[in-house]
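Please find below a note on the model under review. The points run from the overall fold to individual side chains.

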Amino acid sequence: MKQTNHNKSFFIIAMAFRTVALLCVTGPIMQTFLASIGFSSQWIYIHTSIVQAVNILTISLCSTWADRGSVIRRTAFVELPYALLYLLYIPLCIWKSPSLLSFCMLTGICLLQSVCIALWTICEYKLPYYIFTPKEYGTMLSVGGIVGGLISLGTGVIITRLSGLLSYATLMLAACVTSLVLMLACTGLHLGLKPIAEAPKASSGAKEKKINQLEVFRYPIFRKMIPANLMRGFGYGTTTIFAAIALDLGFDTGVATALVSAQSVAALIGCSLVGVSLSFVAPRFVTLAGSLTFALIPLMLIPNKYVFLAVFALVYLGRTLVDYSVPALLRAAIPVQIAGPYNAWRMLLHNGGTLLATTIAAFIPVTWLLILTVVFQLFSGLHYFFAKELRTNQQFIK
């Protein structure tokens, strides 16, 4: 019990710090930074797509990364270089130029961080097997999300207020330095985690059955969920470029910047709802409820910034419900022996859908992008809800 409580505290704090640090290079902040130094929305879409492509490639090549050695140490190992890469953004915040060289340098840094994020993602879904019991995982995700949401909300408010007083490049510079410190703290906190008594035998040195990367395709639950994971990724991908979409729809950078605060509020409320909901309903109900909010997306076409921000907040709240309920759902259904490669390939499909969304966004009208997002996310939510394999704790490894 003492070790579990220790892990809970470290995990929650690290998750909150990481949430804030990721704001700097993903979503509205990076997209607004690119726009502020002169890059068009098409270049922003291209940047996002390239970064996602590298993420997918890394996951496909390293799906068993978490199966060798200590998953706790490997989680911390990839956070250290990710943190140090923030230093490379500083010259670009000072040298503000919409040149091809500047774009390539900035994208190159993001690509290196994308590799670190991919490796971290592979570890992310196996780590809970060693530091929490199954019932605790969903609660820890929601609590960590709430704490991170509160800090992100404060960060978003500060950025929105200061955007009218300082240049966005100056704000980005401060954000990079802050993110560096937070990610270094995450590294230390993850190194402080210890396996619990109920952890799988492999954590104490016992020999674990190795799973081939492609062996995961033999399991019915993986094959059946391929469309749902791919389409969920598409919906997720659209939510990551709403700042660029806002600019495409004719809104100014003030609206794009305000998305940071709206995103933080939505994430905070969403995490709170997940924490409460998982105590009396199955995770699949939460996943379905979150997916249904995407039906509001067509309202974003109304030329009113308050309607756009309100719909964005509701959709992001729904995405938060999905993002936090799916891992809790899978933690109970997927055995530890296959958790590493299973979740690696699941996230590869998810990120493939994300890449598809951000790529076609540069070539099709915004209206069609939003319609596809609604259809795909609703299909994914219904698929997760009705999949009978996710209603049990069936073990697939004999």
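The numbered points below take up the basis of the model, the fold, the core, the salt bridges and two further sites.

1. Basis. The model is predicted: local features need pLDDT of at least 70 and side-chain atom pairs count only at pLDDT 80 or more, whereas totals for chains, interfaces and linings use all residues. Residues are numbered from 1 along each chain as its sequence is written, and side-chain values use heavy atoms, with hydrogens and water left out.

2. Fold. The chain has 17 helices and zero strands; helices (H or I, at least four residues) and strands (E, at least two) are DSSP runs, numbered from the N terminus. The radius of gyration is 20 Å, close to the 21 Å that the globule rule gives for 398 residues, so the chain is as compact as a globular protein of that length. That radius is taken over C-alpha atoms, and the rule is 2.2 Å times the number of residues to the power 0.38. Along its principal axes, the C-alpha trace spans about 55 × 40 × 35 Å.

3. Surface and burial. Of the 398 residues in the chain, 57% are buried; buried means under 20% relative accessible area, exposed over 50%, and partly exposed in between (1.4 Å probe, protein chains only). The accessible surface comes to about 16,100 Å², and 71% of it belongs to carbon and sulfur atoms. Accessible areas come from the Shrake-Rupley method with a 1.4 Å probe, and for residues only the protein chains shown count as cover.

4. Contacts. Among contacts between residues at least 6 apart in sequence, 89% join residues at least 24 apart, a contact being heavy atoms within 4.5 Å.

5. Core. The largest nonpolar core has 129 residues, and those with the most contacts inside it are Met30, Phe33, Tyr86, Tyr89, Phe242 and Leu390. Helix 15 provides the largest share of this core, 14 residues. Such a core is a set of buried Ala, Val, Leu, Ile, Met, Phe, Trp, Tyr and Cys residues joined through side-chain atoms within 4.5 Å. Leaving aside neighbours within four places in sequence, Leu390 is in contact with Ile221, Met225, Leu329, Leu330, Ala333 and Tyr384.

6. Salt bridges. The structure holds two salt bridges, each defined by a side-chain nitrogen of Lys or Arg within 4 Å of a carboxyl oxygen of Asp or Glu. Arg232 pairs with Asp323, the closest N and O atoms being 3.0 Å apart. Arg232 lies in helix 11 (residues 226–239) and Asp323 in helix 15 (residues 305–333), so this pair ties together parts that are 91 residues apart in sequence. Asp323 also forms a salt bridge with Arg319, again with the closest N and O atoms 3.0 Å apart. Being four residues apart in helix 15, these two are separated by about one helical turn.

7. Network. Which residues are linked in a network of salt bridges? They are Arg232, Arg319 and Asp323. Arg232 counts as buried because its relative accessibility is 6%, and Asp323 counts as buried at 18%. Arg319 is buried as well.

8. Thr187. This residue lies in helix 9 (residues 168–191) and counts as buried, at 10% relative accessibility. Neighbours within four places in sequence aside, Thr187 is in contact with Ala76, Glu79 and Leu80.

9. Surface patch. Trp43, Ile46, Ile50 and Leu100 form a nonpolar patch on the surface, with about 350 Å² of accessible area together. Patches are made of residues with over 30% relative accessible area and no salt bridge: like charges are joined within 9 Å, nonpolar side chains (Val, Leu, Ile, Met, Phe, Trp, Tyr) within 5 Å. Helix 3 (residues 41–61) gives the largest share of the patch, three residues. Ile50, found in helix 3, counts as partly exposed at 33% relative accessibility.
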